[in-house]
Amino acid sequence: MVPLNWYIGLSSVIFMIGVVGFLIRRNIIVMLMSIELMLNAVNISLVAFSHYLQDLRGQILVFFVITVAASEAAIGLAILVALYKNKAAVHTNEITEMKG
Amino acid sequence: MNIPFPNLAPVTPEIIMAVAASIILIFDLILKDKSPLALLTICVAGATLYFIPSSLGETFGGMFISDSYSMYFKLIFMVNLILTVLISLKYIQRQKAEYGEYYSLLLFATTGMMIMASSGDLIVLYLGLELMALSTYILAGIKRHDIKSNEAAIKYFLLGAFSSSLLLYGISLIYGLTTTTDIAKIAAYLKQTGTSTPLLMSMILIAVSFSFKIAAAPFHMWAPDVYEGAPTSITAFMSVGPKAAGFAVIGRVFYGAFQSVQADWTGILIGIAILTMAVGNIIALSQTNIKRMLAYSSIAHAGYALLGVIAGTQAGLHAMMTYLMIYAFMNIGAFAIVILLDKGEEIKDYNGLAKSRPAVAALMLVFMFSLTGIPPTAGFIGKFNIFMALINAGYAWLAVIAVIFSSISAYYYLRIVMNMYMKDMEEEAVINPSPSLGLAIGITVLMVFAIGIMPSIVIG
């Protein structure tokens, strides 16, 4: 059996990739993907804990996270489409109507 | 397996809100004129207010707790909802954003906040938070043909989604550490084990995520842009509701789950609070747009309210709740005046307002005095309570810092008063009065004075 530490290590590495991707990439689609990566890293750690502790709460939370992530992606992309119709930009450097 | 049917009495207010929000979505398809939906929303808020006092109790196996703490917050959310609907009725027609979904989303967002305030379990907390956040993302971008509104929505969405993933990672660490997500059980577990590195890490992640929600520095970057770009009525809604909901969960999690490791989180929160007051008050000095200025002022106010949490006593918690209630009235009042003026988004638009519209200028003066914290307005009572609780808890030095920042804030609030009364007007100010907006301004002014003179109506 794979020990718990490996799963937690994997999850934290993926989470960090997501955080760094979100912070350094400037394309909104890539930023959205980074957020999905972060959420899935959380799912890995929750399922690993849940299996290790023989407790179902973690897996229940994973179901909710998957559902919320889907609606989040739907809303995020809808906002992006609305933005793109007004101004053909997916790069955060080009979206600078407001500053200060 | 036999699953008992849960007791639904404690969740009645939330059920009413969620059902009404769905009904409004259907009515939206039938009705051409959307103003009845606003009336319906206010009726629903009234009905919910009626059911809130009788909803005491726990249900769903302790996952949902309705106690006096959550009830007070639900009262704030209802005040916020009713005032927002009143100020937005004519405004969204003017802005060509009159969709039926507007009211439905307001109800869904408020339902999310109510669930957050009542959460007895981190799963419920997360779901309430997402319901609130997802609805407010759309509301921020509801003027979908306006590039500024789009930009506000996308910025709010990206940072909001980022912060909720941080929250989830914190929750997963807590779950691995304590084997449960139930707030009361986490508290019982931590009482036995004490501090550890994973606990500190998850506490930091959770604190960071909540700081995003209440727009506390250094996680405030989204607030000015979002507040400026969103429709003004939604700015008013966002500056009170999600902030109060954020404080509700801070109280639940830090006073509930992390009670026994208070020394650890107080240190984190003191740093955040001082930085928040500094950033909010100092950057507000240089703003030229009143919505941006009010955004920075709302960041500063989050700093003051956070002081109540830091005090770590019941009195501090109560002061924080009272402060948020008072803040709801005075802040929505100020935004109502911005909406009342046809051109009121730039601070120079207020030059000489007292000459062309003396009544409007006088009302704005009241709200600015209240936001500064000058007696006999409500803002004074709010700050007084917070500072008293802080001093009684032994943080006199922190109260001194807060008072200094509070006096800095007088500069930018009173600058608007000075513009109105002491500068010459450039052109006659045009106003867009409507009965509902008048009612909202009337209620807020009345409450600002009533609370200022008789504080007992909000304390206790």
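Colleague: Which residues of α7(B) and α10(B) meet?

Modeller: B:I183, B:A184, B:I186 and B:A187 in α7(B) meet B:R252, B:V253, B:G256 and B:A257 in α10(B). These residues divide into 6 nonpolar, 1 polar and 1 charged. The model is a predicted one.

Colleague: What angle and what axis distance describe the packing of α7 and α10 of chain B?

Modeller: The axes of α7 (residues 183-193) and α10 (residues 232-257) of chain B lie 8 Å apart, at an angle of about 35°.

Colleague: What makes chain B agree with the rule for a compact globule?

Modeller: For 460 residues the rule gives a radius of gyration near 23 Å, and chain B has 21 Å, which agrees. The C-alpha trace of chain B spans about 70 × 60 × 40 Å along its principal axes. Its secondary structure comes to 18 helices and 2 strands, and 62% of its residues count as buried.

Colleague: How does the radius of gyration of chain A stand against that of a compact globule of 100 residues?

Modeller: Such a globule would have a value near 13 Å, but chain A has 17 Å. The C-alpha atoms of chain A fill a box of roughly 50 × 25 × 25 Å. Of its 100 residues, 31% count as buried. Chain A has 3 helices and 0 strands, in the pattern α-α-α.

Colleague: What share of the contacts in each chain, between residues at least 6 apart in sequence, joins residues at least 24 apart?

Modeller: In chain B the share is 80%; in chain A it is 47%.

Colleague: Which elements of chain B give two or more residues to the side that touches chain A?

Modeller: In the contact between the chains, 33 residues of chain B face 34 residues of chain A. The elements in question are α5 (122-140), α6 (147-178) and α9 (222-229) of chain B. The largest share, 16 residues, comes from α6(B). By class, this side of chain B has 16 nonpolar, 10 polar and 7 charged residues.

Colleague: Why is α15(B) called largely enclosed by the rest of the structure?

Modeller: A residue is buried if 20 or more other C-beta atoms lie within 10 Å of its own. In α15(B), 11 of the 15 residues are buried, so the helix is largely enclosed. Among them are B:V360, B:L363, B:F367 and B:L371. The buried residues pack against α12, α13, α14, α16, α17 and α18 of chain B.

Colleague: How does the span of α15(B) compare with the expected value?

Modeller: Helix α15 (residues 358-372) reaches 21 Å from its first C-alpha to its last, close to the 21 Å expected at 1.5 Å a residue. Just after this helix, B:G373 takes a positive phi of about 100°.

Colleague: Why is B:S356 called partly exposed?

Modeller: Burial needs 20 or more other C-beta atoms within 10 Å, and exposure 12 or fewer. B:S356 has 15, and is therefore partly exposed. B:S356 belongs to helix α14 of chain B. Beyond its neighbours within four places in sequence, B:S356 is in contact with B:M425, B:E428 and B:A429.

Colleague: What makes the peptide bonds from B:A217 to B:P218 and from B:P375 to B:P376 cis?

Modeller: Omega is near 0° for the bond from B:A217 to B:P218 and about 5° for the bond joining B:P375 and B:P376. B:P218 lies in the loop between α8 and α9, and B:P376 in the loop between α15 and α16 of chain B.

Colleague: Which residues have the most contacts inside the largest nonpolar core?

Modeller: That core has 208 residues, and those with the most contacts inside it include B:I87, B:M116 and B:L307. The most residues, 20, are given by α13(B). Not counting residues up to four places away in sequence, B:L307 touches B:A273, B:I386, B:L390, B:L398 and B:A402.

Technical notes. Residues are numbered from 1 along each chain as its sequence is written. Chains are lettered from A and ligands numbered from 1 in the order in which they are written. This is a predicted model: local features need pLDDT of at least 70, side-chain atom pairs count only at pLDDT 80 or more; totals for chains, interfaces and linings use all residues. Helices (H or I, at least four residues) and strands (E, at least two) are DSSP runs, numbered from the N terminus. The radius of gyration is taken over C-alpha atoms; the globule rule is 2.2 Å times the number of residues to the power 0.38. Two residues are in contact if their C-beta atoms, placed from the backbone, lie within 7 Å. The expected span of a helix is 1.5 Å times one less than its number of residues. Ala, Val, Leu, Ile, Met, Phe, Trp, Tyr, Cys and Pro count as nonpolar, Asp, Glu, Lys and Arg as charged, and the others, Gly among them, as polar. Axes are lines fitted to C-alpha atoms, for helices over the stretch in contact, and angles run from 0 to 180 degrees between N-to-C directions. A nonpolar core is a set of buried Ala, Val, Leu, Ile, Met, Phe, Trp, Tyr and Cys residues joined through C-beta atoms within 7 Å.
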